[in-house]
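Subject: Structure handover

Hello,

Here is the structure we talked about passing on. My notes follow below it.

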2 protein chains.
Amino acid sequence: MTAERSAPVPAEDTFPIARSSLAASVADHLRAMIVQGTLPPGTRVQVAALAASLAVSATPVREALIILAEDRLVELLPNRGARVLPYTADEALALFEVMAALEALAARLATMRMHAEDCDELERRHAAMVAHHRRRERQAYFAVNNEIHAAVLTLSGNPDLVATHARLELRGRRGRYNAIVDDARWDQAMHEHALLMEAMRCRDAEAAASIWQTHVTNTGLAVAHALHRALDPA
Amino acid sequence: MTAERSAPVPAEDTFPIARSSLAASVADHLRAMIVQGTLPPGTRVQVAALAASLAVSATPVREALIILAEDRLVELLPNRGARVLPYTADEALALFEVMAALEALAARLATMRMHAEDCDELERRHAAMVAHHRRRERQAYFAVNNEIHAAVLTLSGNPDLVATHARLELRGRRGRYNAIVDDARWDQAMHEHALLMEAMRCRDAEAAASIWQTHVTNTGLAVAHALHRALDPA
DNA sequence: TTTTCAAATAGTGCATACAAAATTGATTAT
DNA sequence: ATAATCAATTTTGTATGCACTATTTGAAAA
């Protein structure tokens with residue numbers, strides 16, 4: 001009890017991302033709606049209406065829109081409010097081109113810097129993913145897949161790399177909800193994951209970077225393809 | 001004429017980044033102060049005081065701080081305002097590690113995608129930079145150097161790559177104002193630039209990527225070194 | 001019927017006001 | 001003397017109000 005209050009500035013160096021402001025909550029809410037597609041591209045977001053529906057005032061909604069504009073999920077038009085930005089196949093290609101470079105760097109650094117127990121943990125998750133793939137458990141597969149990608153990023157030991165990737169991944173994820181991954185691509189992705197694990201096990205950083213770059217690029221191609229088919233019924 | 005008015009949403013695809021809001025202006029002002037070091041790391045930014053000194057109200061200042069927090073130039077502490085984030089040698093290394101990967105990708109793509117006249121334009125700027133280096137014109141050199149780096153980014157044809165890099169470069173620039181580049185490093189940098197031009201002239205994308213990665217990494221090492229010496233008088 | 005223009009309408013952007021939270025300083029107890 | 005407690009002050013976070021800008025509507029003129 002006393003300990004909690006006596007420390008004058010205990011959290012000076014800590015990094016409590018517990019952004020508990022209303023604006024942050026509204027931003028999270030809107031972000032989820034955009035990523036899931038509840039707010040389709042082109043939708044104009046009006047502050048007053050949104051504020052009313054969330055039972056808050058205009059100020060935190062405005063601030064939330066500023067945050068989303070920084071993430072390039074919405075566009076702020078001067079004196080004309082905000083609208084949800086489109087997400088086309090071309091944009092997905094550009095996005096994954098950058099993400100591939102970032103994840104390749106992450107794979108290289110992780111392979112060089114990770115400890116043995118980190119690699120074991122990765123192997124464990126990989127095994128779990130293989131099991132989900134064998135049983136065709138799509139949801140569980142996606143979850144573990146995301147964990148593995150995130151783990152490689154984290155093991156790079158570079159916070160800016162993690163943060164930069166996270167921002168792009170948010171937009172990249174907009175496609176994955178729509179993208180129906182076909183079985184052929186799924187099998188190929190599994191193979192690429194297996195190659196990464198092998199490279200990391202052997203501490204072959206360059207091989208890990210190369211295969212991971214290819215893997216993310218291929219994912220981008222699949223997403224772009226799905227986005228293209230979503231608009232073009234062919 | 002009819003066409004202009006009959007279309008319900010004529011400016012649908014335009015992208016007028018003419019962000020002429022007060023918040024944006026305040027953000028630019030603060031950004032410059034932080035990058036130049038006028039607001040040193042650790043400085044606590046108080047909304048009311050800043051608003052008074054800029055003769056605006058609290059609202060746009062708050063919004064500007066949100067923008068800068070997204071750029072990781074300031075940290076928003078819940079109910080405790082904002083403070084300018086520190087910039088250490090370690091952070092510079094992490095930052096330039098990511099920027100090196102991004103600029104390497106840009107060099108690869110630019111080499112593959114640029115037109116002949118783009119390459120000529122680059123050569124022209126490179127020649128200008130060589131001249132400034134020969135005459136030891138530091139300011140002019142820096143300006144043209146930045147132009148070349150920006151041009152390579154732009155020639156990649158990937159807007160997300162440009163935007164992602166720009167965000168990091170902003171923080172990276174914090175160091176360059178302090179960093180006193182010694183002549184040895186300056187000469188080396190010039191050599192690296194020459195190698196890039198040669199690789200791009202020959203359309204050797206992989207070589208361009210490799211040398212540019214090295215170049216940016218070396219710049220990062222120089223900046224980190226300068227930051228280290230700034231704190232440690234050795 | 002089509003075009004032009006003005007008035008009305010709607011909606012953003014900024015300023016101000018207020019409430020909640022944190023910091024500070026003084027006072028009291030140990 | 002040190003530590004704890006509580007009130008006063010400062011500062012943030014949210015709400016509200018208002019002016020200005022963009023858009024739409026409708027009537028008048030071509």
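In what order do the three strands of the open sheet in chain B stand? The order is E1-E3-E2, with antiparallel pairing. Two strands count as paired if DSSP finds at least two bridges between them. Helices (H or I, at least four residues) and strands (E, at least two) are DSSP runs numbered from the N terminus.

Before the rest, some conventions. This is a predicted model, in which local features need pLDDT of at least 70 and side-chain atom pairs count only at pLDDT 80 or more, while totals for chains, interfaces and linings use all residues. Residues are numbered from 1 along each chain as its sequence is written, and chains are lettered from A and ligands numbered from 1 in the order in which they are written.

The sheet of chain B

The edge strands of this sheet are E1 (44-45) and E2 of chain B, each pairing on one side only. E1(B) and E3(B) are joined in the antiparallel sense by two bridges, and B:Arg44 is placed opposite B:Arg83 in E3(B). E2(B) and E3(B) (residues 81-84) also run antiparallel, here with four bridges; B:Val74 faces B:Val84 of E3(B) across this pairing. The hairpin of E2(B) and E3(B) has three residues between the strands, and B:Asn79 has a positive phi near 65° in it. On strand E2 of chain B (residues 74-77), B:Val74 and B:Leu76 make up the covered face, whereas B:Glu75 and B:Leu77 lie on the uncovered one.

Chain A

Chain A contains 10 helices and three strands, in the sequence pattern α-α-β-α-α-β-β-α-α-α-α-α-α. Of its 234 residues, 35% are buried, meaning that 20 or more other C-beta atoms lie within 10 Å of the residue's own; exposed means 12 or fewer, partly exposed is in between, and the C-beta atoms are placed from the backbone. Among contacts in chain A with a separation of 6 or more, 73% are between residues 24 or more positions apart. A contact here is a pair of residues whose C-beta atoms, placed from the backbone, lie within 7 Å.

The three strands of chain A form an open sheet in the order E1-E3-E2, paired antiparallel. Its edge strands are E1 (44-45) and E2 (74-77) of chain A, and each pairs on one side only. E1(A) runs antiparallel to E3(A) (residues 81-84), with two bridges between them, and A:Arg44 is found opposite A:Arg83 in E3(A). H4(A) packs on this sheet and touches E1, E2 and E3 of chain A; its direction is at about 115° to that of E2(A). For such angles, axes are lines fitted to C-alpha atoms, for helices over the stretch in contact, and values run from 0 to 180 degrees between N-to-C directions.

The contact between the chains

Chain A and chain B each put 23 residues into the contact. On the side of chain B that touches chain A, H4, H5 (89-113) and H8 (159-178) of chain B each supply at least two residues. H5(B) has the largest share of that side, seven residues. By class the side of chain B that touches chain A has 14 nonpolar, four polar and five charged residues. Nonpolar covers Ala, Val, Leu, Ile, Met, Phe, Trp, Tyr, Cys and Pro; charged covers Asp, Glu, Lys and Arg; the others, Gly among them, are polar.

Chain B superposes on chain A by a rotation of 180° with 0.0 Å of shift along the axis, at RMSD 0.1 Å. The two copies are therefore related as by a two-fold rotation axis. The same surface serves both copies, as 100% of the contact residues of chain B recur in chain A. The superposition is by least squares on the C-alpha atoms of residues with pLDDT of at least 70 in both copies.

The DNA strands

A residue is near a strand if its C-beta atom, placed from the backbone, lies within 6 Å of it. DNA strand C is surrounded by 20 residues, of which A:Gln46, A:Gly81, B:Leu22, B:Ser57 and B:Thr59 are the closest. H4(B) gives the most to the surface near DNA strand C, with three residues. That surface has nine nonpolar, nine polar and two charged residues.

Around DNA strand D there are 21 residues, and A:Leu22, A:Ser57, A:Thr59, B:Gln46 and B:Gly81 come nearest. Here H4(A) gives the most, with three residues. The surface near DNA strand D divides into eight nonpolar, 10 polar and three charged residues.

Regards

Note on methods
Contact = placed C-beta atoms within 7 Å.
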